[in-house]
Each structure stands twice: as C-alpha cells, then as structure tokens.
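Have a look at it first, and then we'll go through it piece by piece.

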Amino acid sequence: MREITFSEAIREALREEMKRDETVFLMGEDIGRFGGVFGVTKGLVDEFGEERIRDTPISETALVGGAVGASITGTRPVVEIMFADFLAICMDEVHHKAGKWRYSHGGQFKLPLVIRTAMGHVFGAGPEHSECPEAFYLHSTGLKIVLPSTPYDAKGLLKTAIRDDNPILFFEHKLLYNMKGPVPEKEYLIPFGKADIKRNGKDVTIVTYSFMTHEILEASEILSKDGIEAEVIDLRTLSPMDRGTVVDSVKKTNRVVIVEEGNLTGGVGAEIAAWIMEEAFDFLDAPVRRVASKNVPIPFNPIMEGFVIPNTGDIIRAIKEVIQIDH
Amino acid sequence: MKISEEKLLWIYTKMLTQRMLEEKILELIPTGKLTGHFHLGIGEEATFIGACAALEDKDYLLPTHRGLGCVIGKGISLNKIMADIYGKATGTTKGKGGVLRICDASLGVLGLSATLGGIFPIAMGAALSSKLLKDARITLAIFGDGQSNRGTFHEALNLASVWELPVVYLCENNHYAISMPQRKAMAIKNIADRAKGYGIPGKVVDGNDALAVYKITLEAVNRAREGKGPSLIEAKTYRWRPHYEGEGATYRDTKEVVAWKKRCPIRRFRKSLIDLKLLDPLQDEKIKERIAQEIDEAVKFAEESPMPRPEDALDDLFSSSIME
C-alpha cells in the first residue's frame, strides 16, 4: 500500500469531502495561499477558490461562532484553529455555542461543523503553543472529540467528522504531521467510538490516543524483550468513548496504565480510571496507574519540556510498577 | 416610501401583541406558575416590531434576550411562545431553553445566545451560509447596547464587512446594561458611530418610532440583499421595566422613566393610524379584543400542555444523523 504523511492524509480527506459536497468550506488563519502554518491546506485554494477556502484575520471567536451560525443554516464549515491552546480564546463559542445550541433550542438545529486544531509539544513552542487541552472539552457536553494517531486514522476519521451533523473537535498532534503511514487510495471511513488495538498483549493494558500511542509502541517493544507484552489501545475518539474495548482488555490483562500528554490533574486519565474502577474493579490486580505531563505549563527550554512531558522511560517505569504489584 | 395599509396595521397589531403579552406575563408572575427570569421589552415595541417588519419570511433573525417582540414579529405562534414561558413540552425548546431561547428554525428564528454578545459571530456565520448558498436571505441580529461592548462585536462586524455579508446588526439601545448607563460604558454618544471602524453604514434612529425603524431597517436589508454588505443601526429607546422582573431598580431617575413613558411607541403609532384614517376607536377595540382572546387561548394551551418528563432532559444533545 502507498504511504503518505499525516498532513497529506488530512488534506486528502478535506479535498475529497469538498469535492463530494459543495456546502463544505474551510475557514482559518493563513490557510489559503500560505497553506496553513503547518502546511496542511496547501494547494486547496487553487483547487476550490477563495470563496470556499477562506483566509481570516486573527478572530477565533468570530471563526467558531461563525461556524456555528453557518452550520445551522445549511453549510458545513471546517474551521482551523492554528494552535489548540487558542481554543481558550473562543471557549464560549466552543463550549456554550457549539456544544449547547442544539440542546438549548429543543433539538431544532443540526451543527455539522468541524474544528481542526494542532496540539501538543513541538520542541520549544512554549506555554501557549504546546498544550493538549482535550480534557477541558471532554468535560463539555454536546461535542465529539477526535484525536487520530496515524495517517490512516486521520483520513478516515476526518471524513466521518465532516459528514457528521454534530460539532467535532479534531485534534492533530504537531509531531504527527510529517509521520508517514499506509493509506489506501480507495475511499474509507472510520466510525467514531471505536478504539483501535494498535498492539496485542496479555500482561498489561495501555490506554492512550494521539501522539503518545507512538511513544507507547516504542516502550512496548523494549518491554517485550523483558517478556512483558503490553496491549496498546488507541481510543481515537474521547467522545464518544469506546469503553467496551478497554474493559474487555482489562478483563484479559488485569492491569492498566493510562497515558496522556495533557497535564495530570483533572485529565482524561482521571476520567478513564474512574470508570474502570466502576466497571472493571473486580478484574484489577493492581491499582490503575496514570502517566501524564507534570502540572505546570509546557516550558520553552527543551530540557525542561522533555522533563515535563511523559517519555518512553516514564511509560516503561509505570508499566513495570503495575506489573510488579503481585496480587 | 409608500407603505401599504396592510403593513401598517400589521406593525400596529404586532406591537400591541407584544405589549399585551408582556402585561399578561406581569399578571402571571405572582401566580407562581412561571419559572425563570423575565426581561420585558415594554416600551420598546417599535424597535423590535419595526425591525422585523422589514424582513421576508425566508430571512433569518437572531433575537435579543428582551426579545419577545422579535419572536412575535417573526411569526412564532402565541401558543408556542406561552408554552415556552411555562417550560412545557409543547414549547419550541421543549422546556430546555425557556423563555430566552424561543426559536423556530422553520421561521428563520435561529435562537439566542444567553452569554450576551455571542450573537454577533453566529449572525455573521448565518449570513456567510447565505452568501455561499446564494439563497438571497439576509440575517438580522438584534442586540442591546451592553452587548455591543463585547469583543465578539468587533470580530464579527469586521469579518462581516470584509466579506460583504448580508447581515444587519440592529442595536436596541435602551441606555442601560442592567445598571450600567451607556455614558459610563463607552466614550461615544452613538453606538452607530462604531460602523466607521468597519467601513459600513451606521445609522441612528428613534427607536420609539416604528415607521422610522421599519424604513431604516428595510434600507439596510435591501442593501444587504443586493450584495452590498452589512449595516449597523442604532435604535434609541427605553425599557419601562427593570432589567428583569423582581429586580429592585434603583439606578434610574424616576423623572427619566416618566419622561420616556410619555413617548409611548404604541400610542404614537395609533395616533398616526387614526390621523391617516386607517383606524378608528371601534376597530382599535376589536383588535385589542382579538389579541386578548389569542393570549387567553395561549395561556390555556400552555397550562393544559404536558410538562416534559424528567428523562427528556437527556434528549436533543446530539443529532443522530450522519449525512449520507
């Protein structure tokens, strides 16, 4: 199968969906001629024109609020928010407007809108350009949250997102953009709420998503040499969340480590750990362990950045701790 | 501009309907049957109804929180409105959004942002849809003076003007944002002057003169429909009631309130109709009787309507449809 990058996979999904449905359009800062600060939308303006690939001024609230207005009146906006940290600028539009408009108005409206945004650390981007803020929005109501880890998943999930009639937050990790992977030329879609087991194992279940999936796969190979076989579950979507796949795996391995790049307190791992206790407590041979960033902003200096964000070493240590607890 | 007799009587009837419905709410509040807060627009009927009179059925409206007049003006039935006021399952929001969120997608009423100022980008986005779909609809956004101080105002008006979108932003300037007088909130006298910053027309109008509001809104609506872009209108008016019913309004001078009450928009409009021989006292009584009857029927409908079931609270969050 051919291999393309994560960026190319996203661009293909955008292009195919725009060709398929002329009500799909893009808005964002520098997404036109410039092609987006990460180059994802490069060339689309030549193909679809400035009416459908709309460069915007620095106006995040107008972008997301505008997408809400457009989505309830017959078009399907795909907004690019340059950095996921910037979602905080338009939190009212994301949390209250996109998340609650349908509900507050008695289910009268559909909101087919996608917010694509770049998240995560990328070697010294600093405290307001490195965040993984998905936990904030997991706490919101009415939003679907998608975080692909491979080019294949990115394309299939984005196509599903654009066709979905609900507001979607689509997080793209910056360190994934140049990563290559197999993507079929034939059209495919990936449904939401279906986790993907990226590695089978019998000794411990690792639950994760997005870029951390790769750190874990690397750690798993190292552990395999010590005879520890980790099962790696890539959730792919946090809302809806595939609890079934996680619980089934816990029943088999009896041990869980949850890994995320966002900071620990109030994080996604806290939520997952809580319902594993509620739904699979009897199957656990060790306490659930969380690996996440330390509770500080992501610092600029790469040495400090590397210390704050979990790496394969942190993951291996956590897995070994969980394994060594003998029931 | 020649305005049809039918349109004039429509404006009068709708203004009266708003006034009488809101007076009915004042009667009902002490009965304890209603829940929530009521932000009544008594005294501001000319602004809401005059503006709505300039819209076509297919056009979009985003009302303000003092906006019962707006939703009446866009044609939502009194039964549905009253059911929303009672929080009943038969209301437009089925008890989810209450009196503030009364809307009807089929009539182009797109809903309310209860965080004030949220309306500006949403209206911009609706107008963007119309531009992309070439559906010849325009979007009217009605908001108070207080809302115009949000940053969203700037972002949305800027983008709407750059993109020449078919949207009309109409400020219902009643001079107070709860207790905050306009003079303490901004260094300019006319909010319409802010239009200069976006290179779009900004017009001030007497918000208690329904005809003037209608004409100036129609001008902006026509301009938008011709593809010439957005406008900002400021209708200067006054709310007779407190910010919400039950509030101890201590921040306004009684003399000021009395002076504005002397400028009742309905009395003024009635006089013009009588002068034009379009209305006589007998007809006027008949119109009032008919409205009173409609309101009584709406109250009956609402009271007899079922409450939502508690578990209905779990519905309507997501649309289950995936576009094929």
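How many helices and strands does the secondary structure of chain B come to? For chain B the tally is 11 helices and 7 strands. Keep in mind that this is a predicted model.

**The two chains**

Chain A has a secondary structure of 11 helices and 14 strands.

| Chain | Residues | Radius of gyration | C-alpha extent |
|---|---|---|---|
| Chain A | 327 residues | 20 Å | roughly 60 × 40 × 40 Å |
| Chain B | 324 residues | 19 Å | about 60 × 50 × 40 Å |

Chain A puts 38 residues into the contact, and chain B puts in 38 residues. On the chain A side, α3 (60-71) and α4 (91-104) each supply at least two of the touching residues. Sorted by class, that side of chain A has 11 nonpolar, 18 polar and 9 charged residues.

**A sheet of seven strands**

Now for the sheets of chain A. One is an open sheet of 7 strands, and its order is β3-β2-β4-β5-β7-β6-β12 (chain A). The pairing in this sheet is mixed. Which strands are at the edges? They are β3 (53-55) and β12 (237-239) of chain A, each of which pairs on one side only. On average, neighbouring strands here are turned by 20° against each other, ignoring direction.

To look at one pairing in detail, find strand β5 (residues 114-119) of chain A and strand β7 (residues 168-173) of chain A. These two run parallel and are joined by 6 bridges. Within this pair, A:Arg116 sits opposite A:Phe170 of β7(A).

**A sheet of five strands**

Chain A has another open sheet, this one with 5 strands in the order β9-β11-β10-β13-β14 (chain A) and again with mixed pairing. Why do β9 (196-199) and β14 (289-293) of chain A each have one side without a neighbour in the sheet? They stand at the edges and have a single partner strand each, so one side of each is left open. Neighbouring strands of this sheet are turned by 25° against each other on average, direction ignored.

The partner at the β9(A) end is strand β11 (residues 230-234) of chain A: the two run antiparallel, with 3 bridges between them. One bridge to look for pairs A:Arg199 with A:Val232 in β11(A).

Helices lie across this sheet as well. Helix α8 (residues 243-253) of chain A lies across β9, β10 (204-208), β11 and β13 (256-263) of chain A, and runs at about 155° to β10(A). Helix α9 (residues 268-280) of chain A lies across β10, β13 and β14 of chain A, running at about 155° to β13(A).

**Helix against helix**

Finally, two helix pairs in chain A are worth a look. Helix α1 (residues 6-20) of chain A packs against helix α2 (residues 44-52) of chain A at an angle of about 60°, with the axes 11 Å apart. That angle makes α1(A) oblique to α2(A), and the crossing is left-handed. From α1(A) come A:Arg11, A:Leu14, A:Arg15 and A:Met18, and from α2(A) come A:Leu44, A:Glu47, A:Phe48 and A:Arg52. By class, this contact has 4 nonpolar, no polar and 4 charged residues.

The other pair is helix α7 (residues 212-225) of chain A with helix α11 (residues 312-324) of chain A, whose axes come within 9 Å and cross at roughly 55°. This makes α7(A) oblique to α11(A), and here the crossing is right-handed. A:Glu215, A:Ile216, A:Glu218, A:Ala219, A:Ile222 and A:Leu223 of α7(A) meet A:Thr312, A:Ile315, A:Ile316 and A:Ile319 of α11(A). The residues of this contact divide into 7 nonpolar, 1 polar and 2 charged.

Note on methods:
Residues numbered from 1 in each chain as written. Chains lettered and ligands numbered in written order. Predicted model: local features only at pLDDT ≥ 70, side-chain atom pairs only at ≥ 80, totals over all residues. Axes fitted to C-alpha atoms, helices over the stretch in contact; angles between N-to-C directions. Helix = DSSP H or I, 4+ residues; strand = E, 2+ residues; numbered from the N terminus. Parallel < 35°, antiparallel > 145°, perpendicular 65-115°, else oblique. Left-handed = near helix turned anticlockwise from the far one by under 90°. Contact = placed C-beta atoms within 7 Å. Nonpolar A, V, L, I, M, F, W, Y, C, P; charged D, E, K, R; others polar. Pairing = 2+ DSSP bridges. Rg over C-alpha atoms; globule rule 2.2 N^0.38 Å.
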